[in-house]
Amino acid sequence: MSDDEGSVLVKQYVYFALKSDVTTPEEITAKLGFQPDRVGVRGSRQTTPPVPAAHTWAVECRKPRMTVDEQVSEVLDRIRPIANGIRELVEPGEIEAVLQIVRYFEVDDGDPQAAEDGPPESLLGWHLTIADLAFLVSIDADVSIDEYSV
(Lines give C-alpha, C1' and ligand atoms only; values in the text may rest on other atoms or scores of the structure.)
Protein backbone atom coordinates (compact mmCIF):
# COMPACT_ATOMS: atom_id res chain seq x y z
CA MET A 1 0.00 0.00 0.00
CA SER A 2 1.43 3.38 -0.96
CA ASP A 3 1.67 6.31 1.46
CA ASP A 4 -1.12 8.22 -0.31
CA GLU A 5 -3.59 5.36 0.26
CA GLY A 6 -3.36 5.57 4.06
CA SER A 7 -2.92 2.63 6.40
CA VAL A 8 -5.37 -0.05 7.43
CA LEU A 9 -6.76 0.13 10.97
CA VAL A 10 -8.24 -2.81 12.82
CA LYS A 11 -11.03 -2.57 15.38
CA GLN A 12 -12.16 -5.78 17.02
CA TYR A 13 -14.00 -7.28 19.94
CA VAL A 14 -14.89 -10.72 21.28
CA TYR A 15 -17.88 -11.95 23.19
CA PHE A 16 -19.35 -15.19 24.47
CA ALA A 17 -23.12 -15.38 24.16
CA LEU A 18 -25.95 -17.61 25.18
CA LYS A 19 -28.91 -17.20 22.81
CA SER A 20 -32.46 -18.51 23.06
CA ASP A 21 -35.90 -17.99 21.56
CA VAL A 22 -37.45 -18.99 24.88
CA THR A 23 -35.14 -18.44 27.87
CA THR A 24 -34.74 -14.78 28.84
CA PRO A 25 -31.45 -13.15 29.84
CA GLU A 26 -32.83 -12.71 33.36
CA GLU A 27 -33.52 -16.46 33.62
CA ILE A 28 -30.02 -17.25 32.35
CA THR A 29 -28.48 -14.83 34.87
CA ALA A 30 -30.52 -16.41 37.69
CA LYS A 31 -29.47 -19.95 36.70
CA LEU A 32 -25.78 -19.06 36.34
CA GLY A 33 -25.54 -16.59 39.24
CA PHE A 34 -23.35 -14.44 36.99
CA GLN A 35 -24.05 -10.95 35.64
CA PRO A 36 -23.51 -10.52 31.89
CA ASP A 37 -21.95 -7.45 30.32
CA ARG A 38 -24.79 -7.11 27.83
CA VAL A 39 -28.24 -8.54 27.21
CA GLY A 40 -30.68 -8.44 24.32
CA VAL A 41 -34.40 -9.13 24.53
CA ARG A 42 -36.09 -11.00 21.67
CA GLY A 43 -38.42 -8.70 19.75
CA SER A 44 -37.53 -5.59 21.77
CA ARG A 45 -36.89 -3.45 18.66
CA GLN A 46 -39.49 -5.05 16.37
CA THR A 47 -42.06 -7.75 17.07
CA THR A 48 -42.86 -9.08 13.58
CA PRO A 49 -40.48 -10.53 12.65
CA PRO A 50 -38.77 -10.34 16.03
CA VAL A 51 -35.67 -8.14 16.15
CA PRO A 52 -33.44 -9.15 17.78
CA ALA A 53 -34.37 -12.67 16.70
CA ALA A 54 -33.31 -14.22 20.03
CA HIS A 55 -32.72 -13.37 23.67
CA THR A 56 -28.99 -12.82 24.22
CA TRP A 57 -26.86 -13.01 27.37
CA ALA A 58 -23.24 -11.96 26.70
CA VAL A 59 -19.83 -11.54 28.32
CA GLU A 60 -17.55 -9.39 26.20
CA CYS A 61 -14.15 -7.79 25.79
CA ARG A 62 -13.99 -4.54 23.83
CA LYS A 63 -10.64 -3.29 25.12
CA PRO A 64 -8.59 -1.57 22.40
CA ARG A 65 -5.01 -2.54 21.59
CA MET A 66 -5.58 -6.19 22.51
CA THR A 67 -5.11 -9.04 20.06
CA VAL A 68 -7.98 -11.42 19.36
CA ASP A 69 -6.05 -14.06 21.33
CA GLU A 70 -5.92 -11.78 24.38
CA GLN A 71 -9.60 -10.83 24.08
CA VAL A 72 -10.62 -14.49 23.76
CA SER A 73 -8.54 -15.39 26.82
CA GLU A 74 -10.11 -12.61 28.87
CA VAL A 75 -13.66 -13.66 27.97
CA LEU A 76 -13.07 -17.39 28.46
CA ASP A 77 -11.23 -16.85 31.77
CA ARG A 78 -14.30 -14.99 33.03
CA ILE A 79 -16.76 -17.77 32.11
CA ARG A 80 -14.64 -20.81 33.08
CA PRO A 81 -15.95 -20.75 36.68
CA ILE A 82 -19.54 -21.10 35.40
CA ALA A 83 -18.81 -23.81 32.80
CA ASN A 84 -20.97 -26.43 34.53
CA GLY A 85 -23.93 -24.06 34.57
CA ILE A 86 -23.42 -23.23 30.89
CA ARG A 87 -23.33 -26.95 30.03
CA GLU A 88 -26.57 -27.51 31.96
CA LEU A 89 -28.27 -24.66 30.10
CA VAL A 90 -27.05 -25.67 26.63
CA GLU A 91 -27.57 -29.44 26.93
CA PRO A 92 -31.38 -29.51 26.50
CA GLY A 93 -31.03 -27.68 23.18
CA GLU A 94 -33.12 -24.53 23.79
CA ILE A 95 -30.03 -22.36 24.36
CA GLU A 96 -27.16 -21.90 21.91
CA ALA A 97 -23.63 -20.99 23.01
CA VAL A 98 -21.25 -19.08 20.75
CA LEU A 99 -17.86 -17.39 20.95
CA GLN A 100 -18.15 -14.44 18.55
CA ILE A 101 -15.13 -12.65 17.09
CA VAL A 102 -15.86 -9.38 15.28
CA ARG A 103 -13.25 -7.44 13.31
CA TYR A 104 -13.48 -4.24 11.26
CA PHE A 105 -10.79 -3.19 8.80
CA GLU A 106 -10.77 0.42 7.61
CA VAL A 107 -8.44 2.80 5.82
CA ASP A 108 -6.97 5.43 8.15
CA ASP A 109 -7.96 8.86 6.88
CA GLY A 110 -5.85 10.63 9.50
CA ASP A 111 -8.59 10.70 12.17
CA PRO A 112 -6.80 10.38 15.57
CA GLN A 113 -9.87 8.68 17.08
CA ALA A 114 -9.66 5.96 14.43
CA ALA A 115 -6.15 4.97 15.60
CA GLU A 116 -7.30 3.91 19.09
CA ASP A 117 -6.71 0.21 18.50
CA GLY A 118 -3.04 0.60 17.70
CA PRO A 119 -0.94 -0.47 14.75
CA PRO A 120 -2.58 -3.11 12.54
CA GLU A 121 0.49 -5.35 12.31
CA SER A 122 0.10 -6.18 16.01
CA LEU A 123 -3.57 -7.07 15.55
CA LEU A 124 -3.41 -9.08 12.34
CA GLY A 125 -3.34 -12.83 12.66
CA TRP A 126 -4.57 -14.74 15.68
CA HIS A 127 -5.14 -18.27 16.91
CA LEU A 128 -7.13 -20.27 19.43
CA THR A 129 -5.18 -22.56 21.74
CA ILE A 130 -5.99 -26.24 22.06
CA ALA A 131 -7.00 -25.57 25.67
CA ASP A 132 -9.46 -22.85 24.58
CA LEU A 133 -10.86 -25.05 21.80
CA ALA A 134 -11.26 -27.96 24.23
CA PHE A 135 -13.07 -25.68 26.67
CA LEU A 136 -15.44 -24.43 23.95
CA VAL A 137 -16.16 -28.02 22.91
CA SER A 138 -16.80 -28.97 26.56
CA ILE A 139 -19.54 -26.32 26.81
CA ASP A 140 -20.91 -27.13 23.34
CA ALA A 141 -20.09 -23.67 21.97
CA ASP A 142 -19.72 -22.68 18.33
CA VAL A 143 -17.12 -20.17 17.13
CA SER A 144 -18.34 -17.48 14.76
CA ILE A 145 -16.10 -14.92 13.05
CA ASP A 146 -17.35 -11.77 11.35
CA GLU A 147 -14.93 -9.55 9.43
CA TYR A 148 -15.95 -6.29 7.77
CA SER A 149 -14.25 -3.73 5.58
CA VAL A 150 -15.50 -0.20 6.16
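This is a predicted model: local features need pLDDT of at least 70, side-chain atom pairs count only at pLDDT 80 or more; totals for chains, interfaces and linings use all residues.
Residues are numbered from 1 along each chain as its sequence is written, and side-chain values use heavy atoms, leaving out hydrogens and water.

**Helix α1**
- Pro25, Ile28, Thr29 and Leu32 are the buried residues of α1 (residues 25-32); helices are DSSP runs of H or I with at least four residues, strands are E runs of at least two, and both are numbered from the N terminus.
- Those buried residues fall within an arc of 100° seen down the axis, so they line one face of the helix (the arc is that of the directions from the helix axis to the C-beta atoms).
- After α1 comes glycine 33, with a positive phi near 65°.

**Aromatic rings**
- The whole structure has 3 aromatic pairs (Phe, Tyr or Trp rings, the six-membered one for Trp, with centres within 6.5 Å; planes under 30 degrees apart are stacked, over 60 edge-to-face, the rest tilted).
- One of them is a stacked pair of tyrosine 13 and tyrosine 15, 6.2 Å centre to centre with 15° between the planes.
- Tyrosine 13 and tyrosine 15 are both buried.
- Tyrosine 104 and tyrosine 148 are stacked too, at 5.1 Å and 25°.

Methods
Buried means under 20% relative accessible area, exposed over 50%, partly exposed in between (1.4 Å probe, protein chains only).
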